[in-house]
Amino acid sequence: MKFIYPAVFHKTENGTFQATFPDLVCCYAEGDTLDEAIEKANEAAYDWISLELSEDDADLPPVSDESDITLSEGDVVRNISVNIRFYEGWDE
């Protein structure tokens, strides 16, 4: 199953890039370059979603529309796509 959530990337004072997810509470990533931060954000979102799906009462948040996200100057929004494979015996 594919999940797509927006991530907001901004350049920090020390020159790295930090990503936050408006919809995924406490899910964030950082990288030395924007590409590295995107890769780390993909890993963080995968881990966050996988953990939520492992709970008995899994409840994934709705996806924010990009136009509803408040951005600061220089912020970049990228949709992060996570593919999670459900294995035999998975109860939906």
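The expected span of a helix is 1.5 Å times one less than its number of residues. Keep that rule at hand for these exercises, which use a predicted model.

**Exercise 1. Work out how the span of helix H1 compares with the expected value.**

*Solution.* Start with the boundaries: H1 covers residues 34-54, a run of 21 residues. Next, take the distance from the first C-alpha to the last, which is 30 Å. At 1.5 Å a residue the expected span is also given as 30 Å, and the helix comes close to it.

**Exercise 2. Find which residues of H1 are buried, and decide how they are arranged around the helix axis.**

*Solution.* First collect the buried positions: Ala37, Ala41, Ala44, Ala45, Ile49, Glu52 and Leu53. Now look down the axis of H1: these residues fall within an arc of 160°, so they line one face of the helix. Then turn to the face pointing away from the buried side, where the exposed residues Asp35, Glu39, Asp47, Leu51 and Ser54 sit. Finally, ask what the buried residues pack against: strands E1 (2-11), E2 (17-20), E3 (28-31) and E4 (76-83).

**Exercise 3. Describe the largest nonpolar core and identify the element that gives the most to it.**

*Solution.* The core holds 19 residues, and the members touching the most others are Phe9, Phe21, Ala41, Ile49 and Ile80. By element, E1, E2, H1 and E4 each supply at least two residues. H1 gives the most, with 6 residues. To see one of these members up close, take Phe9: beyond four places away in sequence, its contacts include Leu34, Ala37, Ile38 and Ala41. Val76, Arg78 and Ile80 are also among the residues that Phe9 touches.

**Exercise 4. Classify Glu66 and locate it relative to Pro22.**

*Solution.* Glu66 belongs to the loop between H1 and E4. With 47% relative accessibility, Glu66 counts as partly exposed. Along the chain, Glu66 and Pro22 are 44 residues apart, while their C-alpha atoms are separated by 9.9 Å.

Terms used. Residues are numbered from 1 along each chain as its sequence is written. This is a predicted model: local features need pLDDT of at least 70, side-chain atom pairs count only at pLDDT 80 or more; totals for chains, interfaces and linings use all residues. Side-chain values use heavy atoms; hydrogens and water are left out. Helices (H or I, at least four residues) and strands (E, at least two) are DSSP runs, numbered from the N terminus. Buried means under 20% relative accessible area, exposed over 50%, partly exposed in between (1.4 Å probe, protein chains only). The arc is that of the directions from the helix axis to the C-beta atoms. Contact means heavy atoms within 4.5 Å. A nonpolar core is a set of buried Ala, Val, Leu, Ile, Met, Phe, Trp, Tyr and Cys residues joined through side-chain atoms within 4.5 Å.
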